[in-house]
Amino acid sequence: MSRVPTLDTAFSLSHGMKRPRQKSKPYLEWLHELPCVITGRSPVEACHVRFGDLHYGKPHSGAAEKPDDIWCLPMCPELHRIQHSMSEKRFWSDEAIDPLAVCALLFVHYSRNDIEAARQVCLHAKEIGR
């Protein structure tokens, strides 16, 4: 019996096709108005979440590439550095935050121009998606 050949990219989100990264300077500027999703403090940096998850339709980003700007959340500089210095999934697990759920909600509130709802998402990030 012969087997049907399967491409290496058969189960990937992009099917081997690389598309340009979606950037949004206005969105990143808007994120800077929000508090850190961990400490609730400001100032913040836009932290790109690199790992992928099919439940959110987010492909994995390589070490040398940033994901689309929609997959960002506001984080204080000190914790942002720590997040990049270790396993990203472990960092978020240790913080008990689902960063992709938070990113998705923040982008929804950005699309609705609702900064106050986005602030509430940041201040209650540990309660989202768990």
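**View 1. Strand S2 is covered on both of its faces.** In strand S2 (residues 72–75), Cys72 and Pro74 on one side and Leu73 and Met75 on the other are all buried, where buried means under 20% relative accessible area, exposed means over 50% and partly exposed lies in between, with a 1.4 Å probe and protein chains only. In a regular strand the side chains alternate between the two faces of the sheet. The model is predicted, so that local features need pLDDT of at least 70 and side-chain atom pairs count only at pLDDT 80 or more, whereas totals for chains, interfaces and linings use all residues. Residues are numbered from 1 along each chain as its sequence is written, and side-chain values use heavy atoms, with hydrogens and water left out. Strand S1 (residues 45–48) runs antiparallel to S2 and is joined to S2 by four bridges; two strands pair if DSSP finds at least two bridges between them. Within this pairing, cysteine 47 has leucine 73 of S2 as its bridge partner.

**View 2. The whole chain is built from helices and strands.** The secondary structure comes to five helices and two strands, where helices (H or I, at least four residues) and strands (E, at least two) are DSSP runs numbered from the N terminus. Read along the sequence, these elements follow the pattern α-β-β-α-α-α-α. The chain has 130 residues, of which 38% count as buried. The chain exposes about 8200 Å², and carbon and sulfur atoms supply 56% of that area; accessible areas come from the Shrake-Rupley method with a 1.4 Å probe, and for residues only the protein chains shown count as cover.

View 3. A nonpolar core is a set of buried Ala, Val, Leu, Ile, Met, Phe, Trp, Tyr and Cys residues joined through side-chain atoms within 4.5 Å. Of the 32 residues in the largest one, Leu31, Ile38, Leu73, Trp92, Val102 and Leu106 touch the most other members. At least two residues of this core come from each of H1, S1, S2, helix H3 (88–95), H4 and helix H5 (115–123), and H4 gives the largest share, five residues. In soluble globular proteins, nonpolar side chains tend to be buried together. Leucine 73 touches, among others, Leu31, Cys47, Trp92, Val102 and Leu106, not counting residues up to four places away in sequence; contact here means heavy atoms within 4.5 Å.

View 4. A search of the whole structure finds six aromatic pairs, and rings of Phe, Tyr and Trp (its six-membered ring) pair if their centres lie within 6.5 Å, with planes under 30 degrees apart counted as stacked, over 60 as edge-to-face and the rest as tilted. The rings of tyrosine 27 and phenylalanine 107 have centres 5.1 Å apart and planes at 75 degrees, so this pair is edge-to-face. The pair links distant parts of the chain, since tyrosine 27 is in helix H1 (residues 25–31) and phenylalanine 107 is in helix H4 (residues 99–111), 80 residues apart. Tyrosine 27 is buried at 0% relative accessibility, whereas phenylalanine 107 is partly exposed at 28%. Tyrosine 27 and tyrosine 110 also form an edge-to-face pair, because their ring centres are 4.8 Å apart and their planes are at 70 degrees. Tyr27, Trp30, Phe107 and Tyr110 form one aromatic cluster.

**View 5. The cysteines are shown without disulfides.** The structure holds zero disulfides, a disulfide being a pair of cysteine sulfur atoms within 2.5 Å. For cysteine 36, the nearest cysteine sulfur is that of cysteine 76, 4.1 Å away, and cysteine 36 is buried at 1% relative accessibility. For cysteine 47, the nearest cysteine sulfur is that of cysteine 72, 7.2 Å away, and cysteine 47 is buried with a relative accessible area of 0%.

View 6. The peptide bond from serine 42 to proline 43 is cis, with omega near 0 degrees, and proline 43 has its place in the loop between H1 and S1. Alanine 96, in the loop between H3 and H4, is a residue other than glycine with a positive phi, near 60 degrees. Asparagine 113, in the loop between H4 and H5, has a positive phi near 55 degrees and is likewise not glycine; asparagine 113 is exposed, with a relative accessible area of 66%.
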